[in-house]
Amino acid sequence: DFSGQNENPVVFDTSSNRRAIIPLEQENDNVIDEIDSLEIFDLIRDIFDPEHPLTLEALNVLALKNVTVDANAGHVHVFFTPTVPHCSASTLIGLCIRVKLQRSLPSNFKVDVEITPGMHLQEEQVNKQLADKERVAAALENDHLISVVHKCLSGKGVMDDDHGLGG
């Protein structure tokens, strides 16, 4: 239960972080488009927070500047910043980011998801859990946990029903 941890989060303007839309007729199919930071950010920006009916981008949990890509090495690294330093949903948020990227990227990509250094009281423990492949796999076998992850990824938000984590 995450209720009461950050009852009035600050909501940030996200309008400046959008890529210009290119009309379909202007796209060039002969150009190989490498995966870049903005493309990764576009994949994860609309993940919903487990506690609030807001996206991780709107809460400034995710920021474009904290996403790096080495397309040649097939490596993506994302730092996320919990809204409060004692956020107990941090592991779940990191799990949602990891799941979204693993489902969206080619299988040869390595994905690292970590808390922004110095932004959580249990940063080391959360990062260790998110980096442990066996622990992540076990978490995704938990029916309730995967249900919450799917709600955060679907854009519905977990607060939309009586079975959410917020209480």
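Me: What makes a crossing of two helices left-handed or right-handed?
Reply: A crossing counts as left-handed if the near helix is turned anticlockwise from the far one by less than a right angle, and as right-handed if the turn is clockwise. The structure above is a predicted model, and in it α1 passes α2 in a right-handed crossing.

Me: At what angle do α1 and α2 pack?
Reply: The angle is about 120°, and the axes of α1 and α2 are 9 Å apart.

Me: Which residues meet there?
Reply: From α1 come Ile40, Leu43 and Ile44, and they meet Ile97, Lys100, Leu101 and Ser104 of α2. Sorted by class, this contact of α1 with α2 has five nonpolar residues, one polar and one charged.

Me: And α2 with α3, how do their axes cross?
Reply: The axes of α2 and α3 cross at roughly 35° and come within 10 Å. This crossing is right-handed. On the α2 side the contact is made by Ser90, Thr91, Gly94, Leu95 and Arg98, and on the α3 side by Val126, Gln129, Leu130 and Ala131. By class, the contact of α2 with α3 has four nonpolar, four polar and one charged residues.

Me: Stepping back, how many helices and strands are there?
Reply: The protein has five helices and three strands. Read from the N terminus, the order of the elements is α-β-β-α-β-α-α-α.

Me: What share of the protein is buried?
Reply: Of its 167 residues, 42% count as buried.

Me: Which residues touch the most others in the largest nonpolar core?
Reply: That core has 38 residues, and Val78, Phe80, Ile97 and Leu101 touch the most other members. Elements that give two or more residues to this core include α1, β2, α2 and β3. The most comes from α2, with seven residues. In soluble globular proteins, nonpolar side chains tend to be buried together.

Me: What does Ile97 touch, leaving out residues up to four places away in sequence?
Reply: With those left out, isoleucine 97 touches Ile44, Ile47, Leu56, Leu62, Val78, Phe80 and Val113.

Me: New topic. Is threonine 116 buried or exposed?
Reply: Threonine 116 is buried, because its relative accessibility of 15% falls under the 20% cut-off. This residue is found in the loop between β3 and α3. Its side chain makes a polar contact of 2.7 Å with the side chain of threonine 81. Not counting residues up to four places away in sequence, threonine 116 touches Asn66, Phe79, Phe80, Thr81 and Glu123.

Me: Where does glutamate 114 sit?
Reply: Glutamate 114 is in strand β3. Its relative accessible area is 28%, so glutamate 114 is partly exposed.

Me: With which side chain does its own side chain make a polar contact?
Reply: The partner of glutamate 114 is the side chain of histidine 77, at 2.6 Å. Beyond its neighbours within four places in sequence, glutamate 114 is in contact with residues including His77, Val78 and Asn127.

Me: How far apart are glutamate 114 and glutamate 124 in space?
Reply: They are 9.1 Å apart, C-alpha to C-alpha, and 10 residues apart in sequence.

Me: Last one: is asparagine 108 buried or exposed?
Reply: Asparagine 108 counts as exposed, because its relative accessibility is 57% and the cut-off for exposed is over 50%. It lies in the loop between α2 and β3. Asparagine 108 and histidine 75 are 33 residues apart in sequence, and their C-alpha atoms are 8.7 Å apart in space.

Key:
Residues numbered from 1 in each chain as written. Predicted model: local features only at pLDDT ≥ 70, side-chain atom pairs only at ≥ 80, totals over all residues. Heavy atoms only, no water. Core = buried A, V, L, I, M, F, W, Y, C linked by side-chain atoms within 4.5 Å. Buried < 20%, exposed > 50% of the residue type's maximum accessible area, 1.4 Å probe, protein only. Helix = DSSP H or I, 4+ residues; strand = E, 2+ residues; numbered from the N terminus. Contact = heavy atoms within 4.5 Å. Polar contact = N/O pair within 3.5 Å; in protein donor to acceptor, adjacent residues only side chain to side chain. Axes fitted to C-alpha atoms, helices over the stretch in contact; angles between N-to-C directions. Nonpolar A, V, L, I, M, F, W, Y, C, P; charged D, E, K, R; others polar.
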